[in-house]
Every structure is written in structure tokens, then in C-alpha cells.
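Notebook open, structure loaded. I want to go through the side-chain contacts and jot down what turns up.

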Amino acid sequence: MSRDGTLWVGSSTGLRRLPPGEKKLQPPELSNPYYFIKMLEDSEGYLWLGRPTELLKYDPRTRKIVASLQLPHTYGMLQLDTSRILVGGLGKIHLIDTRTATVLDAIDGETHGFNSITYLYQARDGSIWVGTQGDGLFHMELDTDFDLSRAKLTFYSMQQELASNAIGAIAESANGLIWFTTTRSITRLDPTSGAIQNFNDKDGAFSEGYYIGSGLQDDQGLIYFGGVKGMSIFSPEWITDDPVTPRVIFTELRLDNHPMSVGIPASPLSRPIAYTDHLTIEPRWPSITLEFASNNYASPKQIRYAYRMEGLEEEWTETSAGARFANYASMPPGNYRFLVQVCLRPRDRFWDIPVPKIDSAFDNLFVPQTSWSPSTTQQPRKLVAAPYLAPI
């Protein structure tokens, strides 16, 4: 929509306008064999029209094309000042003088590690966020002269836990967080910490993906993202992290692959494993298996776990919701702590959090602590469980 309230519609049948107050689109005034993929009104009222093969400068007053640049697939356009726009297309980002319709400068994607640009967005701090077709999202900082040769680029991709490297549209919330769509999610990025949160169909977003360029933010702060299955409309203020503290609970003990329960001969359990605080394991059992689960039932299939036996293992073992168990064979007698972490979202990280001590104060993550008491060979091993919360 242009500043005078005219709604512009581009399609494979041409360019059409709907003036303010009218209810019917006017006949096509600029027909062509290709569809329009992006429009931008500059400071002088000219329309810049992106097509698969070129970029056009169009005068809506005379209804004539006044300039044409051979810049294909210009999905990204952004007004920088009264005379310059930034245009992102196939393999390059161009700085264009809108008055002379000439290219002033360019950033080459082959040099900087990106291919096709899908979206350009300027944040309130003046920096620019760039979406790509397969190289993720990147943050571009320019000086006041918009010298592209000195641009500083910071990339975010699936290596930094994005759900997908194909970006559709970008917006910014009032608190400075960046929201954008991918082919699998709506994603939130904190530019200060680098924290990334992906939202999929379990959260109300469309896992089938979102269209390139289909994004809008209104004066009230509502964000509109157009997807394959419909439109997502939300206020970033509505989106809060799960306030429920996740807990990990022991669900089963197996010795030599035999399930143990109260009352079974040779079982070390005097009450259910979930409520057990100490166990004595006889050395005749060569294999010990501990099963666990979380008490978060909102999206149980998304939950991931990580565990390790402190005193036996240095590294964490990650497992999914479909394999919630740890198995240890021929453990030597000794003192151990069995640690479990839980992560509620499929691509969130929990490995960078240090394992707390038993006497620490804890916030979010329920971690059962177990220890095997010292013993000599062929003597019973004693398992003591003491639950506590650990920060995630």
C-alpha cells in the first residue's frame, strides 16, 4: 500500500491498483508475462517492482516505466534514506540510487557465504536483518554512509539451532527481539544473547512452512505471517515461556533386564521407584537400567533428555522421548551420581549449563541424584536417591 492509501496488486496478469474508497480493482496498467515478487514505494512516490528477470522503476502518475535494471529475483527491498534503497536478489545485495536508478555498490554472496536473498528488514537500532533462501538469517551492520564494503555480517543458521535455513519474512517486537518465519517454524531470536526459540505446530505455528515475503506488522504490534496452511497472527507479548518447572521422575528399575517392583523376590525396592530414596543392589546383577520421564505433558514427544553417571562418565548422553532410559553393565563398586537433564523443545540447548552441586539452590530442572556407596568386590552396592532442582 502506498502512502496515499492506494492498494497495489501485482500478479501474472499485470499491475493493478485499488484507490482509497473504491471496492473494485482497476484494469491492469502494466502487463507482462512474469509475475511481480516485490514492491516498494520510494520517497518520491515511484514504485520499484521486482520481477524474476529484472527490477523496474515505475511512475504511477504517468503509468510508465522510467528505468529498468537487470537484477533478477529481487525479493528483498528496503528504503535507507531519501535517495537510496537496498535491494537483495540472486547472489547479491545492491545499493541503488533511486533518483538516477543506478547501482552504487554491492555485497557479493559468493564472497560472504549466501545465495538468494528473500527478505530485508531494518530494526529500530538501524541495523539490517537479512533472510536467505538456504543460508539462514544474518545481521548486517552498516556505517552512516552505507558503505557495503565495510558491512559487518553475523550469520545464524541451523548450526545455531534454527529450525530451517530458508527464511520467509522478518519482524521486530517492542522489546527488540527478532521474529521470522522459516519453512518449518516461526522463530524468535534475542540479538543480545543469541538465544533462539523455534515454534512449530505444537505451539500453534505451521510446520508446513511460510511464504517468502509474506509478513506484516501493524501499528498495534500484531505480527502477520502468511503460511502454506493459513495465516499466523499474534502479538509477541502473548508468547511466554512455559512457567511450569519440568521435573524428571524415575519410572522403572531393571536389573539384568528384569523389571523390579515392590514384593518381587530379590527386588531391592521397598516402595515404588519414583518414591525411593535409597537402594542396595546386589553384585549378582551385571546390568542396571534406570528409566525416567518428565511430568510435562503439553508436548511429550518434543522433550529431549541428557544423562550421565558422574564418577563413571565425563560426557552427557542425549536421548529422545522414545528412549528414556540409561543402561550400565558391569559397573565397578564405587560412589556415583546419576544426573538427568530435560529440555522441552526439540532444538533448544541444555548442554552449556554446569552440573550443580548437591547443596546448591536450583530453579528449573529436576535432577535425581544417586550415589553408589563404596564397597569391595562382591559386596552389595547401595543406591541412594535424593532429588533436587537444577537451573537449565
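This is a predicted model: local features need pLDDT of at least 70, side-chain atom pairs count only at pLDDT 80 or more; totals for chains, interfaces and linings use all residues.

**Salt bridges**

I started with glutamate 208 and lysine 229, whose side chains meet in a salt bridge at 3.4 Å, N to O. My cut-off for a salt bridge is a side-chain nitrogen of Lys or Arg within 4 Å of a carboxyl oxygen of Asp or Glu. This pair links distant parts of the chain, 21 residues apart: glutamate 208 sits in the loop between β18 (196-199) and β19 (210-217), and lysine 229 in the loop between β20 (223-227) and β21 (230-234). Strands here are DSSP runs (E, at least two residues), numbered from the N terminus.

Residues are numbered from 1 along each chain as its sequence is written, and side-chain values use heavy atoms, with hydrogens and water left out.

I then checked accessibility (buried is under 20% relative accessible area, exposed over 50%, partly exposed in between; 1.4 Å probe, protein chains only). Glutamate 208 is partly exposed at 42%, and lysine 229 is exposed at 56%.

How many salt bridges are there in the whole structure? My search finds 15. One of them joins arginine 63 and glutamate 29 at 3.6 Å, N to O. Arginine 63 is in the loop between β5 (55-59) and β6 (64-69) and glutamate 29 in the loop between β2 (14-18) and β3 (38-41), so this pair ties together parts 34 residues apart in sequence. Is glutamate 29 buried or exposed? Glutamate 29 is buried, at 14% relative accessible area, whereas arginine 63 is partly exposed at 40%. I also noted that Arg17, Glu29 and Arg63 are linked in a network of salt bridges.

Arginine 84 and aspartate 81 form another salt bridge, with the closest N and O atoms 2.7 Å apart. Aspartate 81 is partly exposed, at 23%.

**Rings**

Next I counted aromatic pairs. The rule takes rings of Phe, Tyr and Trp (its six-membered ring) with centres within 6.5 Å; planes under 30 degrees apart are stacked, over 60 edge-to-face, and the rest tilted. The count comes to 14. Tyrosine 210 and phenylalanine 225 make an edge-to-face pair, 6.5 Å centre to centre with 75° between the planes. Tyrosine 210 is in strand β19 and phenylalanine 225 in strand β20, so the pair ties together parts 15 residues apart in sequence. Both tyrosine 210 and phenylalanine 225 are buried.

Tyrosine 328 and phenylalanine 338 are edge-to-face too, at 6.2 Å centre to centre and 85° between the planes. They lie in β28 (residues 325-329) and β29 (residues 337-343) respectively, so this pair ties together parts ten residues apart in sequence. Both tyrosine 328 and phenylalanine 338 are buried.

I also logged one aromatic cluster formed by Trp179, Phe199, Phe206, Tyr210, Phe225 and Phe234.

Which charges sit over the face of tyrosine 46? Lysine 57 lies over the face at 4.3 Å from the ring centre, and arginine 61 lies over the face at 4.9 Å.

**Cores**

Then I looked for nonpolar cores, meaning sets of buried Ala, Val, Leu, Ile, Met, Phe, Trp, Tyr and Cys residues joined through side-chain atoms within 4.5 Å. The largest has 25 residues, and those with the most contacts inside it are Trp129, Ile170, Trp179, Phe180, Leu189 and Phe225. Elements giving two or more residues to this core include β11 (117-122), β16 (178-182) and β17 (186-189). Its largest share, four residues, comes from β15. A second, separate core of 24 residues includes Leu255, Trp285, Tyr307 and Tyr328.

**One last residue**

I finished on arginine 254, in strand β22 (residues 248-255). Arginine 254 counts as buried, at 13% relative accessibility. Leaving aside neighbours within four places in sequence, its contacts (heavy atoms within 4.5 Å) are Pro259, Ser287, Ile288, Thr289 and Glu291.

Terms used
A charge sits over a ring if NZ of Lys or CZ of Arg is within 6 Å of the ring centre and within 35 degrees of the ring normal.
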